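Colleague: Could you take me through one enclosed space in this model and the parts around it? I would like a close look, with the cut-offs spelled out as you go.

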Amino acid sequence: MARQALKIFSLAAATSSVYLYGNKYLDPNDFGIIRVGRAIATTAVITYDYLISLRGVPHGSEEYDYVKSQVHLRSAERLRDLCCANRGTFIKVGQHLGALDYLLPEEYTYTLKVLHSQAPQSSMQEIKQVIQEDLGKEVLLLIVKQIFPDFEFMWLVEEAKKNLPLELDFLNEGRNGNAEQVAHMLKHFDFLKVPRIFWELSTRRVLFMEFMEGGQVNDRAYMERNGIDVNELSRNLGKLYSEMIFVNGFVHCDPHPGNVLVKKCPVTGKAHIILLDHGLYQVLTEKFRLDYCRLWQSLIKADMKQVQKYSQRLGAGDLYPLFACMLTARSWASVSRGIDRSPVTANEDVEIRTNAAAYLPQITQLLNNVPRQMLLLLKTNDLLRGIESALHTRASASSFLNMSRCCIRAISRYQRSRTDPLYRKAQISFTEALSLWQINLYELYLRLKGSQLGNWVIALLSWMHRSLY
């Protein structure tokens with residue numbers, strides 16, 4: 001049973017590997033001899049702690065749960081200290097792990113959340129050292145391979161080598177215009193705020209941006225103090241990312257809570273979402289984006305044949321049930337019933353956490369097989385689900401309804417672009433409008449059902465029915 005608990009730490013390591021690719025660069029400063037030595041030592045101490053502390057403790061007993069919680073806490077603190085000591089990419093990995101409330105034990109996420117807003121700052125000398133050092137990414141990955149032989153990480157190396165020079169160049173980010181592009185692309189969302197970048201003051205190593213402040217998007221207590229509706233906030237965040245992923249194929253892929261702030265507008269009273277850190281975007285190919293749209297449509301409709309078809313087209317092979325569970329953060333039973341028809345329960349959360357640790361080899365195989373674009377989307381999904389979990393909005397169907405709208409619009413736009421006859425274009429537009437109207441009607445029904453007014457209406461209709469019969 002000690003080995004089963006150790007898989008929790010292994011799961012964190014596996015998730016970190018996705019982040020290391022998703023971040024598109026491995027900080028050269030991370031791979032000095034001292035930093036590698038720290039990583040090896042920390043991993044060894046954590047592994048030893050799990051194996052020794054839980055040995056001989058009866059599984060399922062209160063003592064086992066207490067000891068396991070203490071080991072989780074000690075391990076999380078060691079990981080936090082390692083991230084702070086090694087900085088660079090280690091900080092980014094720690095930030096990602098700290099946002100996975102729905103997947104990792106509370107001891108890990110609570111301890112690592114400090115990295116979202118209180119990460120160590122680097123001195124100018126350290127920044128120069130980051131630029132000058134490049135001791136080879138293969139070293140750390142070879143060590144990880146030795147510690148976790150079930151994982152195949154080496155494909156990360158070539159991807160990191162290819163993207164490192166671009167990721168370190170802020171002016172290259174400027175020429176790509178990520179911040180300006182996403183601000184223009186999503187200008188119809190009046191709740192979105194993107195800091196302006198002062199390119200005339202920026203260099204390859206220094207980026208000047210407009211200062212904006214607010215509470216972190218996962219800080220529920222901040223929302224309550226400032227009268228911000230967490231359900232509306234969650235819906236708006238879902239709208240942003242559904243639009244980016246399904247409609248535009250241009251995705252901000254680092255929405256950890258330190259990069260997404262919220263502030264109530266004193267004039268309108270509406271909550272503004274402030275999107276920071278625009279260095280990491282993924283451009284989706286049209287084929288990938290449309291397959292991904294159709295996969296999500298199939299998941300929402302619980303059409304298992306189509307789920308299998310489009311999962312396999314995206315590289316999942318026979319592991320498509322696991323792939324569907326990873327995308328939705330739901331159990332296979334919930335996926336089969338329809339993810340918008342049953343809320344997430346505490347038992348399902350426990351099942352997800354347990355299975356995530358139990359299926360590590362299969363998860364690793366999937367990560368090796370899916371297109372590289374998918375890794376960033378999986379990372380983005382993880383972070384968004386973590387925010388929903390922190391805000392207690394995971395049971396809401398709103399995110400799936402927003403996805404449905406965007407998938408319908410994206411596929412309809414594609415179909416119109418491939419059709420010449422005007423009557424056919426009109427037919428596609430009519431079908432699109434009808435489908436969107438049905439979703440709006442269903443959403444209205446759900447809101448009425450969950451409101452006091454809706455309860456009164458349902459009670460009235462029930463009373464009228466009994467009176468007539």
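Modeller: Happy to. The second largest cavity has a volume of about 160 Å³. This is a predicted model, in which local features need pLDDT of at least 70 and side-chain atom pairs count only at pLDDT 80 or more, while totals for chains, interfaces and linings use all residues. Residues are numbered from 1 along each chain as its sequence is written, and side-chain values use heavy atoms, with hydrogens and water left out.

A cavity here is a set of points, on a 1 Å grid over the protein atoms alone, where a 1.4 Å probe fits but cannot get out; lining residues have an atom within 4 Å of a point. Grid points are joined across faces, edges and corners, and the volume is the space filled by probe spheres set on the points. The structure holds four cavities of 30 Å³ or more.

At least two lining residues come from each of H13, helix H14 (286-301), helix H20 (372-391) and helix H21 (398-417). H13 gives the largest share, seven residues. Helices are DSSP runs of H or I with at least four residues, strands are runs of E with at least two, and both are numbered from the N terminus.

Helix H13 covers residues 230-248 and includes Ser 234. Ser 234 has a relative accessible area of 9% and is therefore buried (buried means under 20%, exposed over 50%, and partly exposed in between, with a 1.4 Å probe and protein chains only). Leaving aside residues up to four places away in sequence, Ser 234 touches Glu 388 and Thr 393, where contact means heavy atoms within 4.5 Å.

The loop between H20 and H21 holds His 392. Its phi is near 60°, a positive value in a residue other than glycine. Most residues other than glycine have a negative phi. His 392 counts as exposed because its relative accessibility is 61%.

Ala 329 also has a positive phi, about 55°, although it is not a glycine. Ala 329 sits in the loop between helix H16 (320-328) and helix H17 (332-337). With a relative accessible area of 3%, Ala 329 is buried.

Arg 35 belongs to helix H2 (residues 33-53). Its C-alpha atom is separated by 9.9 Å from that of Cys 83, 48 residues apart along the chain.

Of the 469 residues in the protein chain, 52% are buried. Among contacts with a separation of 6 or more, 74% are between residues 24 or more positions apart. The protein chain exposes about 22,600 Å², with 56% supplied by carbon and sulfur atoms; accessible areas come from the Shrake-Rupley method with a 1.4 Å probe, and for residues only the protein chains shown count as cover.

Key
1 Å grid on protein atoms, 1.4 Å probe; cavity = no way out; pocket = protein on both sides within 12 Å on 5 of 7 lines; lining within 4 Å.
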